[in-house]
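I opened the notebook to look up a few things in this model.

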There are 2 protein chains.
Amino acid sequence: MKQKITLKHIAKELQVSISTVSKALKNSEEISRDTKEKIQAFAKLYNYKPNNIAISLKNKRTKNIGVIIPDIVHHFFTTVVRGVEKYANTKGYNVIVCLSDESFDKEVINMEMLANGSIDGFIMSLSSDTQLKGDYNHLKEVIEQGIPMLLFDRITNEVDCDKVIIDDQMGAYLATQKLIDEGRKKIALVTTEDYLSVSRERKTGFVRALKDNHMEVQEQYILQMPTMGMEEKPFKNFFDSVEVDAVLCVNEIFAISGMRYLKSKGKRIPEDVSFIGFTDGLLSKYANPSLTAIDQHGEKMGEAAAEILIEKIESELEEPSFKTKILSPTLIERDSTIN
Amino acid sequence: MKQKITLKHIAKELQVSISTVSKALKNSEEISRDTKEKIQAFAKLYNYKPNNIAISLKNKRTKNIGVIIPDIVHHFFTTVVRGVEKYANTKGYNVIVCLSDESFDKEVINMEMLANGSIDGFIMSLSSDTQLKGDYNHLKEVIEQGIPMLLFDRITNEVDCDKVIIDDQMGAYLATQKLIDEGRKKIALVTTEDYLSVSRERKTGFVRALKDNHMEVQEQYILQMPTMGMEEKPFKNFFDSVEVDAVLCVNEIFAISGMRYLKSKGKRIPEDVSFIGFTDGLLSKYANPSLTAIDQHGEKMGEAAAEILIEKIESELEEPSFKTKILSPTLIERDSTIN
DNA sequence: TTGTACGCGTTATCAG
DNA sequence: CTGATAACGCGTACAA
């Protein structure tokens, strides 16, 4: 087993001091050509690579960024991670991914683990538990310590930091307007509970579009789904009790499940009922009919987040100047709406 | 801005030596009650937490494990990552995720970045590029250095290390047998190019099942898809030229796309043609008809991988005793086959 | 041109 | 009971 070689080994082997080796490997002018060549050759031969940990300790820079997301088996979040990775790697950063699993406690634990020197900055999206609880002290503490922090997608106004979001209101507005333009009159919204920031925004956009078109907002057309998983029954109750001709869903799964139920009731899509869903993931593309969707541009979001965060890390100015970047969503028309 | 506090700060503030503080915080018997209480109170007040990096340097243990996967916007890999995270966190480890993006070069770069002290061990699945190239020197070098390494799913026999896979042959066999039991006679296999280890295995299982049932293996029933993405044309060519009554696909996307095309040709599923796909992801569940699938138990795989790797990391014996854990796949019957 | 000494934050050993 | 010292691996200001 070829143990990792250190400056010390090289120094001893070549009968010079450690600092000479260090300088030689940085091609310092201070060192004679001969010595440099000898040392560099030796280093290459034994494949010397500086130890990241030692450098981190010295520089107080780890070149790691911590990403905390609620779930990883999730199309949108993974596209964001991919974007973060992509940009971070070009800047020589690694990405440490931690999952909060939608739990406040795990979010706190993970942040504490990472905050003790493991990372130079955070990119995160709040767990639903945290948003429900409304307790953001763990974020505030980290920020207090001077660790750069960026929130994306699921954010809160209660903490001051950089943010990247898509314009969820606009997404919902676009979608709703599209349905109205099709001539739909009874448009339903299928959403989650209100404490998720994104759901609130989407609902606002939905309502605004209706009002702008002088349509009435009827609470009975709004279905608030309980926690994910059991979709069958709520849909049944809802669609059996109200007659709709269009449905906007805050995620793909709701849309697919909704379409399935209505089709089983003999409705034709999109002739009888149009569907639009948030998050343009795999399901939207491969659904039958394929689903018209709001693309949230996760990868771009991740890249933007990484760019902003890394800039902040490397600028190290004390100024608390935070920006919120708002990306625009796009409507991708497929077969669940009428062209 | 409340800077992170160190032992040194505490020592200075309390007029004691650094080592006294260190010991006091570890509740050492050597330190008097009074001093300990004073120091512990102070530490708690200022929320002292030891610096991970310094500890890593000292212990030569980072408590990080590196996970390198070809793609993260991918249901199977994310379930594995989730399993790894889950187990690793219970053992106090963080997970550093790097993406090879199916590229040999990125795989090498990422491994080198992580191998210089950032992680205590690797869990990885080979990029297709690497499998195509057949060059595993980067893995061998890392293993040479004594860094524990575990391969999962996309593995190779050319490197000696721990491995976790599902029995892909068995999965394909199970699926094929199911189709045969339904009375299908013209069973197609839709797969990728042969250099992916998993595809090879699945093909072998498919062939074996046919032979065991005294059925002829006909090359014309095997469709080798080019790289992912453009599914339309190859399917058209294939299904227009051969008549089949069942299809086994090595992934969900192929299955969904295949079903779609055949439905567009007026075939009924599963009455005219049965479908089974590998990887029980979202698409399988929500497809129409829902897809009978081989569950690869990604999360279990991740947990098993993390368990084996961490055990190896913490046992630090020199013995090169490597095991290969083989998980059994499960057939999940849905509506694309006949019950 | 090369080497010494120090510091990053921690722990362990040993001396007082 | 407490403190000084060395060590982990590296970089660098300063001394030789």
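I started at A:Phe275 and listed its contacts (heavy atoms within 4.5 Å). Leaving out residues up to four places away in sequence, A:Phe275 touches A:Val247, A:Cys249, A:Ala255, A:Gly258, A:Met259, A:Leu262, A:Ile269, A:Leu291, A:Thr292, A:Ser336 and A:Thr337. The largest one has 70 residues. A:Val247, A:Leu248, A:Phe275, B:Val247 and B:Phe275 have the most contacts inside it. For a core I took buried Ala, Val, Leu, Ile, Met, Phe, Trp, Tyr and Cys residues joined through side-chain atoms within 4.5 Å. Buried is under 20% relative accessible area, with a 1.4 Å probe and protein chains only.

I noted the ground rules. The model is predicted: local features need pLDDT of at least 70, side-chain atom pairs count only at pLDDT 80 or more, and totals for chains, interfaces and linings use all residues. Residues are numbered from 1 along each chain as its sequence is written, chains are lettered from A and ligands numbered from 1 in the order written, and side-chain values use heavy atoms, without hydrogens and water.

Next I checked the chain pairing. 57 residues of chain A are in contact with 58 of chain B. The two chains bury about 5,000 Å² between them, 56% of it on carbon and sulfur atoms. That area is the accessible area (1.4 Å probe) lost on putting the two parts together, summed over both. On the chain A side, A:Ile53, A:Asn116 and A:Tyr286 lose the most area to chain B, together 14% of what that side buries.

Then I turned to DNA strand D. I counted 25 residues around it (a heavy atom within 4 Å). The closest are A:Leu7, A:Tyr48, B:Thr20, B:Lys23 and B:Lys60. I looked for polar contacts (N or O pairs within 3.5 Å). A side-chain N or O atom of B:Glu30 is 3.1 Å from a base oxygen of DNA strand D. B:Ser32 puts a backbone N or O atom 3.0 Å from a phosphate oxygen of DNA strand D.

For B:Lys58, a polar side-chain atom lies 3.2 Å from a base oxygen of DNA strand C. A:Ser17 has a polar backbone atom 3.0 Å from a phosphate oxygen of DNA strand C.

How values were computed. Polar contact = N/O pair within 3.5 Å; in protein donor to acceptor, adjacent residues only side chain to side chain. Buried < 20%, exposed > 50% of the residue type's maximum accessible area, 1.4 Å probe, protein only.
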